[in-house]
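Student: I would like to learn how to read the inside of a protein model. Could you take me through it step by step?

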Amino acid sequence: MLQIHHPQGNELQKNMEVISQLDDMVSHAVETVLVDPKTCWQPTDFLPDMASMEAMEQVQELRQRAAGLPPEVITSLIGNMITEEALPTYQTFFNLVKGINEEGNIASQKGWVRWSRAWTAEENRHGDLLNKYLYLSGRADMKQVEITIHNLIYNGFDPRVDGDPYQAIIYTSFQERATKISHVNTGKLADKKGDEVLSRICKTIAGDEARHEKAYKSFMARIFEIDPNGALIAFEKMMKKQITMPAIMMDNAKEDNLFARFSAITQKIGIYTTFDYANIIKHLTELWKIDVLTGLNGYAAQAQEYLCSLADRYQRIAERMKEPDHVKLPWLVS
């Protein structure tokens with residue numbers, strides 16, 4: 001049976017204290033990494049201007065471009081959008097992590113709480129833009145899509161971080177990179193099929209994810225500097241549990257394994273694959289210089305050994321995986 005070291009009271013308290021030391025760093029990131037709402041892009045920058053006399057012509061052009069996209073690309077786009085639309089759950093999760101918002105005040109001016117608000121505000125544009133694009137495209141069964149979004153928010157979200165702030169920052173570092181990859185690859189497929197606007201939409205969203213990824217990775221890099229033993233143990237714990245995708249609980253009573261079938265499609269067309277999962281592990285272990293950390297205690301040294309070989313292990317798994325069968329989901333117009 002897989003043995004996972006869970007944070008005990010003293011260990012969790014220590015992790016919370018380290019997280020509090022990053023508050024000024026996180027406040028600075030709000031000012032320098034995230035973008036002023038008055039100057040950053042908004043969904044309307046990419047969509048037909050419905051106040052214009054040419055609005056219907058612009059909608060028709062959008063629909064003509066979208067008509068050439070394969071069903072698998074539309075399905076990937078829908079899945080990405082559904083994931084983005086569950087932001088209320090993600091912000092709640094982040095504020096419940098130990099040491100992030102001990103006051104229980106969502107309007108707090110402390111660094112981590114400000115970050116959770118500003119990060120959510122930026123991410124909120126992604127779901128808005130993709131939702132409106134899909135609605136106007138006529139390619140999605142929006143009622144089914146809306147039911148899935150409803151179910152995902154209703155069902156909640158459990159990234160299995162045990163309330164531990166270290167594990168939470170590792171999770172977000174991983175997930176922001178995974179989401180970036182998914183949007184980039186969807187954009188590439190859209191570009192190949194002639195929808196340059198959708199390609200630009202996906203790449204723009206991916207650019208946001210890249211900024212967020214860089215910030216979370218820098219937060220975790222600082223934790224590794226302050227507490228390499230605790231950081232290594234947290235990294236090992238998250239990898240042994242495996243990273244749970246944000247939309248994993250999109251299923252409802254009538255749709256068995258809806259998320260698993262969506263994942264099979266993204267694997268089949270190369271949107272997000274096991275190779276990507278392996279490459280993210282490799283990227284993070286190299287970025288945080290896991291192999292050269294010294295002065296470690298016994299458990300952390302074991303974690304270091306495990307983590308240094310993990311990317312290669314997943315690479316071998318990816319090489320042995322069979323291509324998924326054809327899969328169809330209820331999100332497309334019949």
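Predicted model: local features only at pLDDT ≥ 70, side-chain atom pairs only at ≥ 80, totals over all residues.

Student: Is T179 buried or exposed?

Tutor: Here we compare the relative accessible area with a cut-off. T179 has a value of 19%, and buried means under 20%, so T179 counts as buried.

Student: Which residues does T179 touch, leaving out those up to four places away in sequence?

Tutor: With those neighbours set aside, T179 touches E84 and E209.

Student: Now the core. Why look for a group of nonpolar residues at all?

Tutor: In soluble globular proteins, nonpolar side chains tend to be buried together. Here the largest nonpolar core has 98 residues, and the ones that touch the most other members are W115, Y133, F219 and M239. Helix α9 (residues 196–226) contributes the most to this core, with eleven residues.

Student: Which residues is W115 in contact with, beyond its neighbours within four places in sequence?

Tutor: The list for W115 is V26, A29, V30, L34, F94, T120, A215, Y216 and F219. Notice that F219 is also one of the core residues that touch the most other members.

Student: Let us move on to open spaces. What volume does the largest pocket have?

Tutor: The volume of the largest pocket is about 630 Å³. Its lining has 28 residues, and those closest to the centre are M245, F259, S263, Y272 and Y277. Two or more lining residues come from each of α4 (71–85), α8, α11 (258–268), α12 (274–287) and α13 (298–320).

Student: How do the residues of that lining divide by class?

Tutor: The lining of the largest pocket has 13 nonpolar residues, 14 polar ones and one charged one.

Student: And which residues line the second largest pocket?

Tutor: Its volume is about 200 Å³. The lining is made of V30, L34, V35, D36, P37, C40, Q42, A118, A121, E122 and R125. By class, the lining of the second largest pocket has seven nonpolar, one polar and three charged residues.

Student: How many cavities of 30 Å³ or more does the structure hold?

Tutor: There are two cavities of that size. Of its 16 lining residues, Y90, W119, Q175, E176 and P246 are the closest to the centre.

Student: Which element gives the most to the lining of the largest cavity?

Tutor: That is α8, with five residues. At least two lining residues come from each of α4, α5 (87–96), α6 and α8. By class, this lining has eight nonpolar, four polar and four charged residues.

Student: Which residues line the second largest cavity?

Tutor: This cavity has a volume of about 40 Å³, and its lining consists of E72, A264, I265, K268, D325, H326 and V327. Helix α11 gives the most, with three residues. The classes are three nonpolar, one polar and three charged.

Definitions and conventions
Residues numbered from 1 in each chain as written. Heavy atoms only, no water. Buried < 20%, exposed > 50% of the residue type's maximum accessible area, 1.4 Å probe, protein only. Contact = heavy atoms within 4.5 Å. Core = buried A, V, L, I, M, F, W, Y, C linked by side-chain atoms within 4.5 Å. Helix = DSSP H or I, 4+ residues; strand = E, 2+ residues; numbered from the N terminus. 1 Å grid on protein atoms, 1.4 Å probe; cavity = no way out; pocket = protein on both sides within 12 Å on 5 of 7 lines; lining within 4 Å. Points joined across faces, edges and corners; volume = space filled by probe spheres on them. Nonpolar A, V, L, I, M, F, W, Y, C, P; charged D, E, K, R; others polar.
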